[in-house]
Amino acid sequence: MRFDLVIRNGMIATASDVFAADIGIKDGVIVQIGGAMDEAAETIDAAGKYVLPGGIDSHVHIAQPSGEGIIMADDFESGTRSALFGGNTMVLPFCLQEKGRPLREALKAYHALAEGNCYTDVSFHLIVSDPSEAVLGQELPALVEDGYTSFKVFMTYENLRLSDAQILDTMDVARRTGALVMVHCENEDAIRYLIGRHEADGDVAPKAHATTRPIAVEREATHRAVSLAEVADVPLVIVHVSNREAMEEIERARRRGRKVIGETCPQYLMLTADDLDGMDWEGAKFVCSPPPRDAASQEACWDGLERGVFDLFSSDHCPFRYDDPAGKLNPKGSRSFRHIPNGIPGVELRLPILFSEGVMKGRIDLPRFVALTATNQARTYGLYPQKGTIAVGADADIAIWDPQLVRTVRHADMHDGADYTPYEGTELTGWPTTVVLGGKVMIRDGDLAGTKADGSYRPRGHSQFAVVPPKVGAAV
Ligand code: DUC
Ligand code: ZN
Ligand code: ZN
Ligand code: ZN
């Protein structure tokens, strides 16, 4: 066979093995692993490098409407370019339903923004903000059939939160259709109460964002989410878990036999609430929800990554510019923490952070790294085995990593649309240097070689963890 591309001499890692072999690629797919591969249109020498499945980041926010006068820093072009340079070949952003509007309308607009503007493959989760009868009865079931097989619901934010009854109704659609529900777990009423107290005290600086969203607020909501999922009898994903007490709720539910998938993010390993305490409102750069906690919580999250409490390590990339009236320092946000948009950039550094601080420091091994960042992401969200692994028949989505490369994080070297990174000055060891998407070399030795027309939208199948009900009348 004449291959389109052969990757030679590398050390391949999957979620189960690390082994030396060449990879032969044809028509966008991996067609051979190991053995003789003589003829190739293009060859990459990966000697001394790791050859990993391209990262899949199942939790990113791109061009998401974010409140009056606030604009997210990334559109699809900059967001997926940043993802690509971080070793990713696919991202899953959220399509937000506007209250009173059909989800299809939001999807149409979102597809239009993404079309022709993606350096990685993309697929969308649906944020359900208004579970009306029409949405629950007709629209969501039809959208699941069309390949939108995951929904996110919020327990916080006045304009997004669902009541417990609405969450149960949404979970019931998931039960009937085999979709997967992701939950943002923070108790809005408790947060409101604390915000009121802090404002009354004139305590309005960025740090108050963390003190008004304490661990109890997340723990209670996590407990409630897993309990509601137990009542509705559905699996669920607890996204962006920040601390041990929320982890314990997940573990307790699992001991009761529940399928609960846990996700944590780089900010909970690398940042603490003290970062919100910077001079000149600089703390706004670290405002995200749930907030970063303390050193003990960082250790707890590492422990959860090692022990399997977490199945997913995602970025929760949610970028806003700092020095910008449409970003962190918007007119109201520069007067009170409660108007600072919630979210921080991270899609480009998710993998380098986990590689450097996890793999290179011996906290997790390479197969665990691959599982957390690619394979489990694909399994959880209906993309496996076409994506998330290196196997014959899988898409040739591959990142080649140089484990010796040491670089200090500088925002000036990054590719997103924000004007800062929360990780400025951090030294990381091990970076992706070449990235292949569907057999096409997108980054070659650190230089962009692909275009924003190379990524495509991918409808998804059901999660491996969802119980898909048989179709009525289907042939046996
Ligand atoms: N939830 C997210 O998932 N991302 C950013 C902000 C938020 O509240
Ligand atoms: Zn969230
Ligand atoms: Zn306070
Ligand atoms: Zn998020």
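Predicted model: local features only at pLDDT ≥ 70, side-chain atom pairs only at ≥ 80, totals over all residues.
View 1. An automatic or database domain assignment gives domain 1 as residues 3–52 + 390–448 and domain 2 as residues 54–371. Residues are numbered from 1 along each chain as its sequence is written, chains are lettered from A and ligands numbered from 1 in the order in which they are written. Local features need pLDDT of at least 70 and side-chain atom pairs count only at pLDDT 80 or more, whereas totals for chains, interfaces and linings use all residues.

**View 2. The side of domain 1 that touches domain 2.** Here 33 residues of domain 1 are in contact (C-beta atoms, placed from the backbone, within 7 Å) with 45 residues of domain 2. On the domain 1 side, at least two residues each come from β7 (50–53), β17 (398–408), β18 (427–437) and β19 (440–444), these strands being DSSP runs of E, at least two residues long, numbered from the N terminus. Of these, β18 gives the most, with seven residues.

**View 3. The largest nonpolar core.** This core, a set of buried Ala, Val, Leu, Ile, Met, Phe, Trp, Tyr and Cys residues joined through C-beta atoms within 7 Å, where buried requires 20 or more other C-beta atoms within 10 Å of a residue's own, C-beta atoms being placed from the backbone, has 142 residues. Among those that touch the most other members are Val-51, Leu-126 and Ile-238.

**View 4. The surroundings of Ile-238.** Leaving aside neighbours within four places in sequence, Ile-238 is in contact with residues including Val-183, Ala-225, Ile-250 and Glu-263.

Conventions. Buried ≥ 20, exposed ≤ 12 C-beta atoms within 10 Å, placed from the backbone. Contact = placed C-beta atoms within 7 Å. Helix = DSSP H or I, 4+ residues; strand = E, 2+ residues; numbered from the N terminus.
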